[in-house]
Amino acid sequence: MELTATILIAVGAVAILAAGIVGQRVDHFRPRHREDAAAAVARARQLQRVAMALAAITVVCGATAAALNNGNTTTWVCGAVVLVAGAVQCYFIARVSIPDVQHLRDRGFDSGKGTP
């Protein structure tokens with residue numbers, strides 16, 4: 001059980017790093033050159049879903065590792081830290097405001113031609 005908990009903690013740590021990287025891309029979202037507003041918003045929302053899924057994986061790994069502690073305090077503490085870090089990352093990713101299509105068009109991003 002100790003090996004399983006250690007593997008889960010490692011997977012959780014990698015997932016939280018990946019969620020942080022993808023979350024930064026969502027947080028600093030910029031439409032691409034010649035990309036219509038609807039495609040840009042869809043891309044940003046997809047990135048946000050990926051970041052949220054990675055953060056949720058971190059929460060699950062941390063909770064499972066903490067539950068598998070088998071009397072080892074170090075494993076329990078590491079699992080709890082991974083769990084809390086994943087929950088905080090979920091909170092920050094959910095708070096990111098993605099502009100809507102009309103907002104991008106109002107800023108002169110595209111005219112909406114060719115977009116349904």
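Biologist: Where is Gln-89 placed?
Modeller: Gln-89 is in helix H3. Please bear in mind that this is a predicted model.

Biologist: Is Gln-89 buried or exposed?
Modeller: Gln-89 is buried, because its relative accessible area is 17% and the cut-off for buried is under 20%.

Biologist: Which residues does Gln-89 touch, apart from those up to four places away in sequence?
Modeller: Gln-89 touches Ile-16, Ala-19, Gly-20 and Ala-55. Two of these names, Ala-19 and Ala-55, return in the largest nonpolar core.

Biologist: Which members of that largest nonpolar core touch the most other members?
Modeller: They are Ala-19, Val-22, Val-26, Ala-55, Ile-93, Ile-98 and Leu-104, out of 17 residues in the core.

Biologist: What does Val-26 touch, leaving out residues up to four places away in sequence?
Modeller: Val-26 touches Ala-44, Leu-47, Gln-48, Val-96 and Ile-98. There is also a second, separate core of 7 residues, and Leu-8, Ile-9, Cys-61 and Ala-65 are among them.

Biologist: Let us turn to the whole chain. How many helices and strands are there?
Modeller: The chain has 4 helices and 0 strands. Read along the sequence, the pattern is α-α-α-α.

Biologist: Is the chain compact or spread out?
Modeller: The chain is more spread out than a compact globule, because its radius of gyration is 19 Å, well over the 13 Å that the globule rule gives for 116 residues. The C-alpha trace spans about 65 × 20 × 20 Å along its principal axes.

Biologist: What share of the residues is buried?
Modeller: Buried residues make up 37% of the 116 residues in the chain.

Biologist: And what about the accessible surface of the chain?
Modeller: The accessible surface comes to about 7,100 Å², and 63% of it belongs to carbon and sulfur atoms.

Biologist: How far apart are the mean positions of the positive and negative charges?
Modeller: The mean positions of the 11 positive and 7 negative charges are 5 Å apart.

Biologist: Among contacts between residues at least 6 apart in sequence, what share joins residues at least 24 apart?
Modeller: That share is 74%. Ala-5 and Gly-79 illustrate separation in sequence, being 74 residues apart along the chain and 7.8 Å apart in space, C-alpha to C-alpha.

Biologist: Where does Ala-5 lie, and is Ala-5 buried or exposed?
Modeller: Ala-5 is in helix H1. At 0% relative accessibility, Ala-5 counts as buried.

Biologist: What is Ala-5 in contact with, leaving aside its neighbours within four places in sequence?
Modeller: Ala-5 is in contact with Ala-65, Leu-68 and Thr-75. Of these, Ala-65 is included in the second core.

Biologist: What about Ala-13?
Modeller: Ala-13 also lies in helix H1. Ala-13 is partly exposed, with a relative accessible area of 32%.

Biologist: Where is Arg-34 found, and is Arg-34 buried or exposed?
Modeller: Arg-34 is found in the loop between H1 and H2. Arg-34 is exposed, because its relative accessible area is 78% and the cut-off for exposed is over 50%.

Biologist: How far is Arg-34 from Val-60?
Modeller: Their C-alpha atoms are separated by 39 Å, and the two residues are 26 residues apart along the chain.

Conventions: Residues numbered from 1 in each chain as written. Predicted model: local features only at pLDDT ≥ 70, side-chain atom pairs only at ≥ 80, totals over all residues. Heavy atoms only, no water. Core = buried A, V, L, I, M, F, W, Y, C linked by side-chain atoms within 4.5 Å. Buried < 20%, exposed > 50% of the residue type's maximum accessible area, 1.4 Å probe, protein only. Contact = heavy atoms within 4.5 Å. Helix = DSSP H or I, 4+ residues; strand = E, 2+ residues; numbered from the N terminus. Rg over C-alpha atoms; globule rule 2.2 N^0.38 Å. Areas by Shrake-Rupley, 256 points an atom, 1.4 Å probe, with all protein chains shown as cover. Lys, Arg positive; Asp, Glu negative; His and termini not counted. Charge placed at Lys NZ, Arg CZ, Asp CG, Glu CD.
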